[in-house]
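Open the structure in a viewer and keep the sequence panel in view.

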Amino acid sequence: MLEILDTTLREGEQTPYVNFSVEEKIEIAKMLDCIGVDMIEAGDPSVSPNVAKAIEKIASLGLHAEVVAHSIASRPSIDRAKVCGANRVAIFYATSKIHLDSKLHRTQEQAIEIIREHISYAKSLGLKVRYTPEDATRTDFEFLVQICNAAIESGADRISFADTLGIMQPHTMFERVSALRESLLSCQIDLHCHDDYGLALANAMAGIRAGANCIHTTVNGLGERTGIPDLAEAILSFHNLEGIQKYNIQLLMELSSYLEKISGFFLSPNKPITGQNAFSHKSGVHTNGVLKDPRTYEPFDPAMLGRERKIVIDKYTGKSAVAARLKEYDIEVSNAELEVIVSRIKNIGDERKQLFDADILEIAEQVTGREIDVIPRDISAMLMVEVESHVYTSSVVRRMRGFTNVSNVYEITGDFDISAFINVENVSALNNLIEEIRTVQGVKRTETRMVLKKYNGSNK
Ligand code: HCA
Ligand code: CU
């Protein structure tokens, strides 16, 4: 049965500019445990006193998951893993020629000796041991087998086949893992796949097919450079495509949002599974299909994740989507009115990036000549930003204009330096966006004013 080791707390914290507090790490570990991941890699205690403290606290929580400490091959580091109370130490030592020659300055024979010595030492402390040949996928295969078998003989019961540079493809991964399975002494095989070419999860799934036992993930795919497989993508792929149903899917969105919030590292809208657009439909053909039967354009029901589908209304939209949106507000229109409303939307949609419910309701009001007295569900807000005195206001404006949901950015006089208009789907999206804007360098303070009613210019 597949196992998942989540390494948000170790690999994830290696994401540029991401750091977690001890309390945040404890919260993440608890949520991961509720989701049911099999192992939590909680950090390398030699990195800093706070990393060590977090591992210690997590190890003392009595979680269901095994708590793993990462470590270089050094006795003091392994001692620290032991002191922290981790169940297992994961010792990594690179094996590729380029790492041995240029980084470690060791021969292959020396590397084998170092591994034997440190694994035996960790075992003597009563720790379970995983050995990671770092850069395994660029390592001479015969030597890789030799050093891994030396590690297993010394007491490692797990080998992490690390694609440190993300250079595998599904078929090469399948071949390599099959060959490893044939050549290695008895052990569990982990797959640590980096995502440099966007193939990490596909490679991990191919490796599991070939007989590996465990894949490494992080929440939101965090990690060095472009990270490693995202926990939610991995769980949903194995659940829906491979029929492996052992994890608690309902908590994945909450954990992902929590990570966005505390890391300041926000998901791109088109990210699979947890991205904002994952269940949004736009073209007339798609929306018409989805409204008749969601299975036409949805690989699975968003309710699995506690999410809802969204029908985007703009110039691509057809009559059925507009009628359905109006119906959500209990507004009935005749077929002739509907046709005029859709044609107006198509004209406006050419000029405007995004149409909100307030705009659609306004058009309906104008076309039908009847007053529509409902409050749109999506939200508009005015955001005021004060900029640090040593920062150019224009540099903050430039960053703010990069956010999709921010429009009409003005430099202004008075207590604040910038005002901008925000349009989002709901309060939590508003919260996320404001948090994101607060992380922009040079932003000192923000104030948000929610719009209650909007009056557009006379023309449209
Ligand atoms: C690194 C180490 C590692 C280790 C993976 C593992 C890698 O280069 O930072 O222990 O399974 O990618 O090789 O993250
Ligand atoms: Cu890594």
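A residue counts as buried when its relative accessible area is under 20%, as exposed when it is over 50%, and as partly exposed in between. By that rule, 51% of the 460 residues of the protein chain are buried. The model is predicted.

**Whole chain**

Begin with the protein chain as a cartoon. It has 16 helices and 14 strands. Along the principal axes, its C-alpha trace spans about 85 × 55 × 40 Å.

**The copper ion**

Select ligand 2, the copper ion, together with Glu-11, His-192 and His-194. Which atoms of these residues are the donors? They are OE of Glu-11 and NE2 of both His-192 and His-194, lying 2.1 Å from the ion. The spacing of the donor residues in sequence is E-x180-H-x1-H. Glu-11 sits in the loop between β1 (3-6) and α1 (22-35), and His-192 in strand β7 (residues 188-193), so this pair ties together parts that are 181 residues apart in sequence. Glu-11 has a relative accessible area of 2% and is therefore buried. His-192 is buried too, at 7%.

**Salt bridges**

Side chains of opposite charge can pair when their charged atoms come close. The structure holds 30 salt bridges. Select Glu-13 and Lys-25, whose closest N and O atoms are 2.9 Å apart. Because Glu-13 is in the loop between β1 and α1 while Lys-25 is in helix α1, their pairing ties together parts that are twelve residues apart in sequence.

Move to Arg-138 and Asp-135, which meet in a salt bridge with an N to O distance of 2.9 Å. Arg-138 is partly exposed at 37% relative accessibility, whereas Asp-135 is buried at 0%.

Then select Asp-196 and Arg-225, a salt bridge with its closest N and O atoms 2.7 Å apart. This pair links distant parts of the chain, 29 residues apart: Asp-196 is in the loop between β7 and α8 (200-209), and Arg-225 is in the loop between β8 (214-217) and α9 (231-242). Asp-196 is partly exposed, with a relative accessible area of 29%, and Arg-225 is partly exposed at 46%.

For a network, select Glu-386, Lys-444, Arg-445, Glu-447 and Arg-449; salt bridges with shared partners join them into one.

Strands of a sheet pair through backbone hydrogen bonds, either parallel or antiparallel. Select β11, β12, β13 and β14, which form an open sheet in the order β12-β13-β11-β14 with antiparallel pairing. β12 (406-411) and β14 (443-450) are the edge strands, each pairing on one side only. Direction ignored, neighbouring strands here are turned by 20° against each other on average.

Walk across the sheet from one edge:

- β12 pairs with β13 over four bridges, and Tyr-410 stands opposite Ser-419 in β13.
- β13 pairs with β11 over seven bridges, and Met-382 stands opposite Phe-421 in β13.
- β11 (residues 379-387) pairs with β14 over seven bridges, and Val-387 stands opposite Val-443 in β14.

The turn of the hairpin formed by β12 and β13 comes next. Six residues lie between the two strands, and Gly-414 in the turn has a positive phi of about 110°.

Most residues other than glycine have a negative phi. Select Asn-408 in strand β12, where phi is near 45°. Asn-408 is partly exposed, with a relative accessible area of 46%. Asp-330, in the loop between α12 (319-328) and α13 (335-351), has a positive phi of about 60°. Asp-330 is exposed at 70%.

**A nonpolar surface patch**

Finish with Leu-165, Ile-167 and Tyr-197 shown as a surface. They form a nonpolar patch with about 300 Å² of accessible area together. Ile-167 is in the loop between β6 (158-163) and α7 (170-183), and is partly exposed at 36% relative accessibility.

Note on methods. Residues are numbered from 1 along each chain as its sequence is written. Chains are lettered from A and ligands numbered from 1 in the order in which they are written. This is a predicted model: local features need pLDDT of at least 70, side-chain atom pairs count only at pLDDT 80 or more; totals for chains, interfaces and linings use all residues. Side-chain values use heavy atoms; hydrogens and water are left out. Patches are made of residues with over 30% relative accessible area and no salt bridge: like charges are joined within 9 Å, nonpolar side chains (Val, Leu, Ile, Met, Phe, Trp, Tyr) within 5 Å. Accessible areas come from the Shrake-Rupley method with a 1.4 Å probe; for residues, only the protein chains shown count as cover. A salt bridge is a side-chain nitrogen of Lys or Arg within 4 Å of a carboxyl oxygen of Asp or Glu. Buried means under 20% relative accessible area, exposed over 50%, partly exposed in between (1.4 Å probe, protein chains only). Donors are N, O and S atoms within 2.8 Å of the metal (3.2 Å for Na, K and Ca); water is not among the atoms, so sites may look incomplete. Two strands pair if DSSP finds at least two bridges between them. Axes are lines fitted to C-alpha atoms, for helices over the stretch in contact, and angles run from 0 to 180 degrees between N-to-C directions.
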